[in-house]
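Student: I would like to learn how to read a protein model. Please take me through it step by step.

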Amino acid sequence: MEAILNKSAGMGAILTEDGPTTFRVWAPNADKVFVIGDFNDWKKDDFELEHEENGYWAGVTDKCKEGDEYKFLILNGSNEYERNDPYAVEVTNSNGNSIARKLDFDWEGDDFQIPNWNELVIYELHVGTFNRKKPDQVGTFEDVIEKLPYLKKLGINCIELLPVAEFAGGISWGYNPAHPFAIEQDYGGPDGFAKLVKEAHKNGIAVIMDVVYNHFGPSDVDLWQFDGWHENDKGGIYFYNDYRSETPWGDTRPDYGRPEVRKYIADNAMFWIEQYRCDGLRMDATSYIRFEGGGLGLDTEINEGNILMRDINMQIQSKYPHILTIAEDLKGDDKVTDGAEYGGLAYGSQWDMNFVHPVREVLTMINDDDRDLQHIVNALTYTYSGDAFKRIIYTESHDEVANGKARVPEEIQPGDAESPFAKKRAILGMVLTLTAPGIPMLFQGQEFIEDEYFQDTEALDWEKFEKLKGISKLSTDLIALRTGKADRTNGLRGQQLDIVHFNQDNKILAYMRSRDSDDNEPVLVVLNFGDRPFEEYGIGVAEDADWKLRFNSTWKGYDDDFSELEVEDMEKVAESTDEKPFTGKITIPAYAALIYTK
């Protein structure tokens with residue numbers, strides 16, 4: 001020992017300013033633990049750690065400096081294991097060495113805070129493909145930074161990144177985390193990611209990080225049989241060593257029953273918020289943390305997993321109440337977003353299966369007569385835990401546009417996704433997403449009707465953006481209404497939705513969004529789910545007020561393929577429709593979405 005051990009220093013390699021480095025690791029079945037690295041010429045017996053209580057080992061050295069590569073050398077009986085640091089914040093690559101370093105970024109006074117959740121518009125993107133420049137090189141954090149002004153102009157105020165924790169190889173969706181605390185080197189490593197967060201905040205854009213706690217790896221995972229102990233040829237101390245280890249993505253479900261493993265995962269959740277100033281976390285496939293079989297059919301609940309998620313959410317809410325945690329649970333269960341005091345898991349919001357599936361079904365139906373508007377009404381009115389913003393609503397996500405599923409316009413008209421039918425009906429889905437109660441989310445390229453399914457090997461088609469700039473302008477106008485950049489639109493950020501017109505025969509649906517019954521800025525949304533246009537169509541309105549047209553999705557200024565029909569402000573007459581005292585006369589083109597404000 002070369003210096004006094006600081007028992008509260010933390011885990012992994014903890015560097016101090018011009019002082020000694022503390023190493024600490026959990027290896028309860030080890031007989032001895034050493035640290036080997038550049039600083040001691042990788043000598044196996046030079047730096048031995050002392051055994052602490054509860055299976056932890058720690059030591060201090062003056063030799064290790066920032067940038068040194070290292071590993072733990074674990075002795076268990078006659079076996080030796082060289083292992084990367086489970087808490088390594090940087091690795092040379094997924095099967096390389098850990099790197100000792102401080103995360104002392106210059107945040108330049110960044111005091112950004114995520115917008116109110118009812119004002120958010122989330123844009124999900126994959127760093128490796130979003131702005132990829134070369135066929136033989138994945139996209140990087142710098143490439144995303146280059147597009148931040150574009151996203152800001154579009155009106156996006158929150159990006160959600162597919163996982164960037166170090167994974168095997170350079171091409172991946174990211175859902176195979178090998179080193180949960182390290183940042184993928186091919187994307188730009190820790191410094192690149194910190195710069196992206198900082199630049200996003202400068203542009204008024206929050207950053208939500210996608211994290212994976214339902215499994216690790218399964219490849220390049222040094223956590224596997226970490227200190228040599230295991231049962232049933234399973235994963236050892238970090239994993240279940242019985243049937244509970246099995247997931248669809250590998251035999252590597254963490255052992256949520258071990259307090260040390262729960263601490264490891266909780267430390268990781270806080271790490272993204274405290275070290276990288278992320279504004280939220282989206283937790284992948286939480287149903288596989290909650291249930292042995294993911295909640296499919298009759299399934300056994302993993303109460304230890306529920307405890308893990310509840311504790312993480314309560315810790316975040318206690319320290320950082322503005323941080324948004326999102327569950328990708330997709331089981332339609334209020335328990336996920338119910339508060340802990342009600343027996344819930346206390347997530348801020350959850351991806352909503354009760355929106356995406358019925359909406360996509362209606363949009364992609366071949367025949368208008370088969371389109372059931374009740375499915376749309378059900379999707380619009382569904383809530384979790386009594387709060388409209390406890391759900392993330394979308395028609396496209398990385399899952400919904402891959403694995404055999406296509407982008408919405410391609411599903412509507414396979415092989416001709418740029419047809420007027422495909423474009424107009426796909427836009428109906430975007431209008432629903434951005435005007436329904438909930439937190440709306442778009443997937444990269446959706447704003448310009450990208451029609452290629454998502455692959456981690458293929459760049460987003462920015463030529464399509466150049467070709468369909470009018471559709472991007474449409475998206476910008478629509479997002480401005482949703483976020484409040486356009487005036488008189490408070491209703492779109494309220495809890496309340498009222499169906500004001502429902503005509504299954506004509507395929508016309510209209511709904512009113514408002515904050516409450518006294519809201520003086522309600523927003524009226526009228527949708528035509530059929531290929532038949534209407535002139536002087538009557539919608540019931542309750543008040544003797546003027547309604548101004550704010551958005552017409554089939555305006556020819558957005559696309560030459562769109563409607564020739566002239567759509568103007570509502571003409572109001574004193575006759576009853578929809579059990580309302582007044583009738584608003586409007587022109588509704590085929591497959592049009594119209595938005596009016598008072």
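**Reading the model**

Tutor: Of the 598 residues in the protein, 62% are buried, where buried means under 20% relative accessible area, exposed over 50% and partly exposed in between, with a 1.4 Å probe and protein chains only. This is a predicted model, in which local features need pLDDT of at least 70, side-chain atom pairs count only at pLDDT 80 or more, and totals for chains, interfaces and linings use all residues. Residues are numbered from 1 along each chain as its sequence is written, and side-chain values use heavy atoms, with hydrogens and water left out.

Student: How many helices and strands does the protein have?

Tutor: Helices (H or I, at least four residues) and strands (E, at least two) are DSSP runs, numbered from the N terminus. The protein has 13 helices and 26 strands.

Student: What holds the strands of a sheet together?

Tutor: Backbone hydrogen bonds pair them, either parallel or antiparallel. Two strands count as paired if DSSP finds at least two bridges between them. Here eight strands form a closed barrel with parallel pairing, in the order β9-β10-β13-β14-β15-β16-β17-β18.

Student: Which strand is joined to β9 by three bridges?

Tutor: Strand β18 (residues 439–443) runs parallel to β9 (residues 122–125) and is joined to it by three bridges. Opposite glutamate 124 stands phenylalanine 443 in β18.

Student: What do contacts say about residues at least 6 apart in sequence?

Tutor: Contact means heavy atoms within 4.5 Å. Among such contacts in the protein, between residues at least 6 apart in sequence, 69% join residues at least 24 apart.
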